[in-house]
Amino acid sequence: MTKNEIEKIYKLVKEYHEKYLKSHGVHLPNLKRDGSYTKDALVLVCLAKGYPETAIVTKAELTKFLKRYGGSIDVQQARHLAAQKGWYILSGKRGDADSGLKTGEYKLKTLEEPYPGFNAEKRTTDLTEDEWKNIKNRYGYRCACCGSKEGEKHLLWPNTITELQKGHMDPSKPLQKGNVIPQCSKCNQPDLNNWVYDKKGRVIKIANPNVVKNSSVQVQREIYEILKKKFESTEGE
Ligand SMILES: [Zn+2]
C-alpha cells in the first residue's frame, strides 16, 4: 500500500465515522501523531482496504503492515479497537461465533454500525496517557510479572527490547483503572488470558477453565474433589 492509499482509505473511514459512528461514541484515532502514523489508524486502514468489500486479514499480515509503517506493534490492537473503541471488527479469537474466522484472523464487518454491545460509557473510563504513565512509574517501568524494564533487553529474551503494554489483572474485565498492570509483550500474550493477577503480578485465580486440562491428572483429580464437595453439598438447598 502506498502512503497515498493510506491517506485515501483513512479519509473514507473518517467520512463513515462522521456519518454513522461518531454519535455512538466510537473513537476515531488520529492518522498521525508527531509525524508518524498511529497504530490504531494503521489497523483500521489495513482492515478497511477495499471497503465495503473488505478482506480477511491475518494477524501476520497486520503485523507486517504495522511494522512497515508504524514501527512497534501490538497484537491486541485490532481486538482493542473493537471491544474498547467500538469499531465493528470481527476476530477469530474473541468468540464472534458467526464470523467464520479462524484464530488470528480479522475482518472489518461494517463502518455503518458500532461493535455489538459497545458501550461508550466504558470507553470514557479508558486510561488516559497520563494515568498509564503513572502506573508504569509506580512499577519502575518494569513488567509486573517478569521484571523486564521498558526500553532495555528483556530478561528472558535478550534479543527483545522490552515494550510495556497495558495488561489486564482480570481478563474478563475491561482494561480500565484498577484492572491494569504493566506487562511486557511476552507476559501479555493475548493467547495467555488464562490467569487473574494481583497488583504485584502474581497469579491469584484461573480466568480460563481450560487451563485445568493442561494440569496433571493428580491436580485435576484434586480440583474435581474440591468441586464435587462444593457443588454436591449445596445441591437441594
Ligand atoms: Zn514480562
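View 1. Leu62, Phe65 and Leu66 of α3 are buried (20 or more other C-beta atoms within 10 Å of the residue's own, with C-beta atoms placed from the backbone). These residues span an arc of only 100° around the axis, so they sit on the same side of α3. The arc is taken over the directions from the helix axis to the C-beta atoms. An α-helix has 3.6 residues a turn, so residues three or four places apart point the same way. The face turned away from the buried side carries Ala60, Lys64, Lys67 and Arg68, which are exposed (12 or fewer such atoms). The buried residues pack against α2, β3, α4 (77-83) and β5 (105-110). Helices (H or I, at least four residues) and strands (E, at least two) are DSSP runs, numbered from the N terminus.

Residue numbers start from 1 along each chain as its sequence is written. In this predicted model, local features need pLDDT of at least 70 and side-chain atom pairs count only at pLDDT 80 or more, while totals for chains, interfaces and linings use all residues.

**View 2. Helix α2 (residues 39-48) against helix α3 (residues 59-70)****.** The axes lie 10 Å apart, at an angle of about 130°. Axes are lines fitted to C-alpha atoms, for helices over the stretch in contact; angles run from 0 to 180 degrees between N-to-C directions. Lys39, Leu42, Val43 and Cys46 of α2 meet Leu62, Phe65, Leu66, Tyr69 and Gly70 of α3 (C-beta atoms, placed from the backbone, within 7 Å). The contact residues comprise seven nonpolar, one polar and one charged. Nonpolar covers Ala, Val, Leu, Ile, Met, Phe, Trp, Tyr, Cys and Pro; charged covers Asp, Glu, Lys and Arg; the others, Gly among them, are polar.

**View 3. Helix α1 (residues 3-21) across α2****.** The two axes come within 9 Å and cross at roughly 90°. That makes α1 roughly perpendicular to α2 (65 to 115 degrees). Ile6, Ile9, Tyr10, Leu12 and Val13 of α1 meet Ala41, Leu44, Val45 and Ala48 of α2. This contact has nine nonpolar, no polar and no charged residues.

**View 4. Backbone at Pro52 and Tyr141****.** Most residues other than glycine have a negative phi, and most peptide bonds are trans. The Tyr51 to Pro52 peptide bond is cis, with omega near 10°. Pro52 sits in the loop between α2 and β3 (57-58). Tyr141 is not a glycine, yet has a positive phi of about 60°. Tyr141 belongs to the loop between α6 (129-138) and β6 (164-168).

Notes
Contact = placed C-beta atoms within 7 Å. Parallel < 35°, antiparallel > 145°, perpendicular 65-115°, else oblique.
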